[in-house]
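Let me put the model up, and then I'll walk you through a few spots.

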Amino acid sequence: MRVLVIGAKGQLGLEVCKVLEEAHEVIPATREDADITNLEQVLSLVEKISPEAIVNAAAYTDVDGCEKNKEKAFLVNALGARNVAIAAREVGAKLIHISTDYVFDGAKDGPYVEYDPPCPLNIYGWSKLLGEHMVKEQNPRSFILRVAWLYSAHRKNFVKTMLRLARERAEIQVVTDQRGNPTFAGDVARQIQVLLGIRSYGLYHCVSQGSCSRFEFAREIFRIAGLNVKLIPVKSFQFPTVAKRPPHSVLENFMLKIQGLDIMPHWLESLERELPKIMEEVEKE
């Protein structure tokens, strides 16, 4: 299968390309190849490549930046998503579009499932939610995947930040009142590989099994890494940010599970497997 990966230089895009290359013809695309906010550029790229499937991993993910630049957030995350969906429809390609746990406000007592009503707290979440709606409107042959707390050896993420801070400080403050699903980007890529082979289009949550707080996540990072760092628990209000974050954005892969499609491992299993590789990358930087 010929698969076009848009946003191929991002954290998830890099992992998707690596995993899918094992079984498919992968064409990576970046903003230099086509700006997703420009419909004509996207149409031209997609028509030239004529893929059978498209993975759209491109997004404006700077949560605080979205608050300061509302127009850019909606241009990239909503209209950009629409443009890719239109282009996929024009060539008859199935689409896998990446969304976020930030479409929820974090007020639910328990994991969010696909039929829970979204209610974002910030512009990033609203722009991604509108992107979901536009994808559904423009291309019925779409998988919309909500992911959360992604990390890998690439780009900026919580795991790499903690490892870098451990080299600089003896004590690190980490919030205890934000809870989610730490998810290795490569695991999402493997789940995408499964979805490319089926036609059960729709909305899916795609995160690691289990959940933890940011504090618990950091504690496990340092335990596995063998780093002696003193962790100090703090509350989110002690680290004010421009954009509000949902305090409890734990997702459950309900729609994957009931169809027997869920291959996502437990977050701690993935962290133990991947952390040595991530540590090597941090040492190189």
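Before anything else, one term: I call something a polar contact when two N or O atoms sit within 3.5 Å, where within protein one must be able to donate a hydrogen and the other to accept it, and residues adjacent in sequence count only if both atoms are side-chain atoms. Quick housekeeping: this is a predicted model, so local features need pLDDT of at least 70 and side-chain atom pairs count only at pLDDT 80 or more, while totals for chains, interfaces and linings use all residues. Residues are numbered from 1 along each chain as its sequence is written, and side-chain values use heavy atoms, with hydrogens and water left out.

So, where is His248? In the loop between β12 (230–234) and α9 (254–258); helices (H or I, at least four residues) and strands (E, at least two) are DSSP runs, numbered from the N terminus. A polar atom of the His248 side chain lies 3.4 Å from the backbone oxygen of Lys108. Skipping neighbours within four places in sequence, His248 also touches residues including Gly106, Tyr112 and Arg179, with contact meaning heavy atoms within 4.5 Å.

Now the sheet. We have an open sheet of 6 strands, parallel, in the order β2-β1-β3-β4-β5-β10; strands pair if DSSP finds at least two bridges between them. At the edges are β2 (25–29) and β10 (202–205), each pairing on one side only. From one strand to the next, the twist averages 20°, using axes fitted to C-alpha atoms (for helices, over the stretch in contact) and angles from 0 to 180 degrees between N-to-C directions. Strand β5 (residues 142–147) is joined to β10 by 4 bridges, and Arg146 stands opposite His205 in β10.

Helix α2 (residues 39–49) lies across β1, β2 and β3, at about 155° to β1. Helix α7 (residues 185–196) lies across β1, β3, β4 and β5, at about 145° to β4.

On a 1 Å grid over the protein atoms alone, a cavity is a set of points where a 1.4 Å probe fits but cannot get out; a pocket is an open set with protein on both sides within 12 Å along at least five of seven lines; lining residues have an atom within 4 Å of a point. Grid points are joined across faces, edges and corners, and volume is the space filled by probe spheres set on the points.

The largest cavity is about 40 Å³, and its lining includes Ile6, Val42 and Leu45. The second largest pocket has about 170 Å³, with Glu15, Lys18, Phe184, Glu274 and Lys277 nearest its centre.
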